[in-house]
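Visitor: Could you take me through one part of this model in close detail? I would like to hear about its charged side-chain contacts.

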Amino acid sequence: MKFITEEDLRDLYKTQPFTDYDLQEGERLTPGARQFLLDRSIDLYDRNDPFANITSNAGNESKVKPAKPLCEKKKAMYGAKFRVLETKFLLTAKELLTIDVMMSQQVTNLYKQFKTLVSVADGECVATDLTLTQCTGITEENFSCCIGGCFDITEFHMQMPKGKEMLMLLQLRSELEVFDIETEELVSDVKLQQCLSGKLNQIINRLSQMICSAMGGSECQRA
């Protein structure tokens, strides 16, 4: 499987602007690449699924048309992994409540967003986009992409005033990254998996911003 990234499309568009894009068999768009096409009103033709071609005129709609639900075994596996993360969100929010009420509320809001992704097991992705608080390292162009952490957290950071909060947020973010990787094997529908991954990346990147905020200072920490 070859992944077409936003950078690939940007380079192609700079060379020769285009109004439609033909996705070949065995190719797959990253969430950022798909958003690039939507933002520029470029029609997409997907040879992997010719009956599900889209046009950018549909706008930035977050809901994916129903796909085939996961088989019972994969559905059960998805549900089990999903419940583990639901619990992790709640435990993190509860522990933060005793040391940082505002941060706890932010985690609770992300939990509510994550909870909507349970519909993926039934073949639907009905989650809306998170509101982006843009910063130097996280923008509209990469908010739904896997871009990694803003900086490495080491034993030095645990000694900081908000070291515990940073470690808790890092643990939650890391478990979401693992969930994203694991569900690639469970969700076979390409567009459904792309939607799931894009929404997870938004939550992950928001947690990265929260870690940066806990770090303190006004300078962007993205490496």
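Visitor: Which side chain meets that of K162 in a salt bridge, at 2.9 Å from N to O?

Guide: Happy to look at that with you. This is a predicted model, so local features need pLDDT of at least 70 and side-chain atom pairs count only at pLDDT 80 or more, while totals for chains, interfaces and linings use all residues. Residues are numbered from 1 along each chain as its sequence is written, and side-chain values use heavy atoms, with hydrogens and water left out.

The partner is D100, with 2.9 Å between N and O. The pair links distant parts of the chain, 62 residues apart: K162 sits in the loop between α4 (101-115) and α5 (163-183), and D100 in the loop between α3 (72-97) and α4. Helices here are DSSP runs of H or I with at least four residues, numbered from the N terminus. A salt bridge means a side-chain nitrogen of Lys or Arg within 4 Å of a carboxyl oxygen of Asp or Glu.

K162 is partly exposed at 29% relative accessibility, whereas D100 is buried at 15%. Buried stands for under 20% relative accessible area, exposed for over 50%, and partly exposed for values in between, using a 1.4 Å probe and protein chains only.

K162 also forms a salt bridge with E165, where the closest N and O atoms are 3.7 Å apart. E165 is buried too, with a relative accessible area of 6%.

Across the whole structure, the search finds eight salt bridges.

Notes: Helix = DSSP H or I, 4+ residues; strand = E, 2+ residues; numbered from the N terminus.
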